[in-house]
Amino acid sequence: VPLQASGGGLVQAGGSLRLSCAASGRSSFSTYAMGWFRQAPGKEREFVTAISRSGGITRYADSVKGRFTGSRDNAKNTLYLQMNSLKPEDTAVYYCAAQSGRGYYIPGTGKAFEYEYWGQGTQVTVSS
């Protein structure tokens, strides 16, 4: 399923951003568990959050728990990441990804290699 991420930008520490990831094509968005990952310069891609097909079940990396909220709107074929209380260490390229084969109420995994489809990434820069 083609994915298009957007919403990144430059924000001061303590600020907020909302990322979006729109799915297109003939595949049904609701058949995929979704995830957000990020990659900072010189670092490996890391898990941020995963959302079940239903949208009701989520899991988060400890580093973003309580500050970030993942959600989805299956009617709009769109995944979201609300990021609050941003820190300079949140600076990275953020990627959305889709994973098949998960139960309706089971969130995606935290392993990037288990996701089949990826968006192109959107840059988030947090200044101190």
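This is a predicted model: local features need pLDDT of at least 70, side-chain atom pairs count only at pLDDT 80 or more; totals for chains, interfaces and linings use all residues.
**Exercise 1. Determine which secondary structure elements make up the chain, and how compact the chain is.**

Step 1. Counting the elements gives zero helices and 11 strands, and reading along the sequence gives the pattern β-β-β-β-β-β-β-β-β-β-β.

Step 2. The radius of gyration of the chain is 13 Å, which is close to the 14 Å that the globule rule gives for 128 residues, so the chain is as compact as a globular protein of that length.

Step 3. The C-alpha trace spans about 40 × 25 × 25 Å along its principal axes, and 43% of the 128 residues count as buried.

Step 4. For the contacts, take those between residues at least 6 apart in sequence: 60% of them join residues at least 24 apart.

**Exercise 2. Describe the surface of the chain and its charged side chains.**

Step 1. The chain exposes about 6,300 Å², and carbon and sulfur atoms supply 48% of this area.

Step 2. There are 14 positive and 8 negative side chains, and the centres of these two sets lie 5 Å apart.

**Exercise 3. Continue from β3 to strand β8 (residues 78-83), and identify the strand that forms a hairpin with β8.**

Step 1. β3 and β8 run antiparallel and are joined by six bridges, with Arg-18 standing opposite Gln-82 in β8.

Step 2. Strand β8 is mostly covered, since five of its six residues are buried, a class that requires under 20% relative accessible area.

Step 3. β8 is also joined by six bridges to strand β7 (residues 68-73), again in an antiparallel arrangement, and here Asp-73 has Thr-78 in β8 as its bridge partner.

**Exercise 4. Decide whether Thr-58 and Gly-103 are buried, partly exposed or exposed, and place each of them in the structure.**

Step 1. Partly exposed covers the range between the buried class, under 20% relative accessible area, and the exposed class, over 50%.

Step 2. Thr-58 has a relative accessible area of 31% and is therefore partly exposed; Gly-103, at 32% relative accessibility, likewise counts as partly exposed.

Step 3. Thr-58 sits in strand β6 (residues 58-60) and, leaving aside residues up to four places away in sequence, touches Ala-50, Ile-51 and Gly-70.

Step 4. Gly-103 belongs to the loop between β9 (92-99) and β10 (117-118).

Step 5. Turning to C-alpha distances, Gly-103 and Ser-54 are 49 residues apart along the chain and separated by 9.1 Å, whereas Thr-58 and Ser-127 are 69 residues apart in sequence and 28 Å apart in space.

Terms used:
Residues are numbered from 1 along each chain as its sequence is written. Side-chain values use heavy atoms; hydrogens and water are left out. Helices (H or I, at least four residues) and strands (E, at least two) are DSSP runs, numbered from the N terminus. The radius of gyration is taken over C-alpha atoms; the globule rule is 2.2 Å times the number of residues to the power 0.38. Buried means under 20% relative accessible area, exposed over 50%, partly exposed in between (1.4 Å probe, protein chains only). Contact means heavy atoms within 4.5 Å. Accessible areas come from the Shrake-Rupley method with a 1.4 Å probe; for residues, only the protein chains shown count as cover. Lys and Arg count as positive and Asp and Glu as negative; His and the chain ends are not counted. The place of a charge is taken as NZ of Lys, CZ of Arg, CG of Asp or CD of Glu. Two strands pair if DSSP finds at least two bridges between them.
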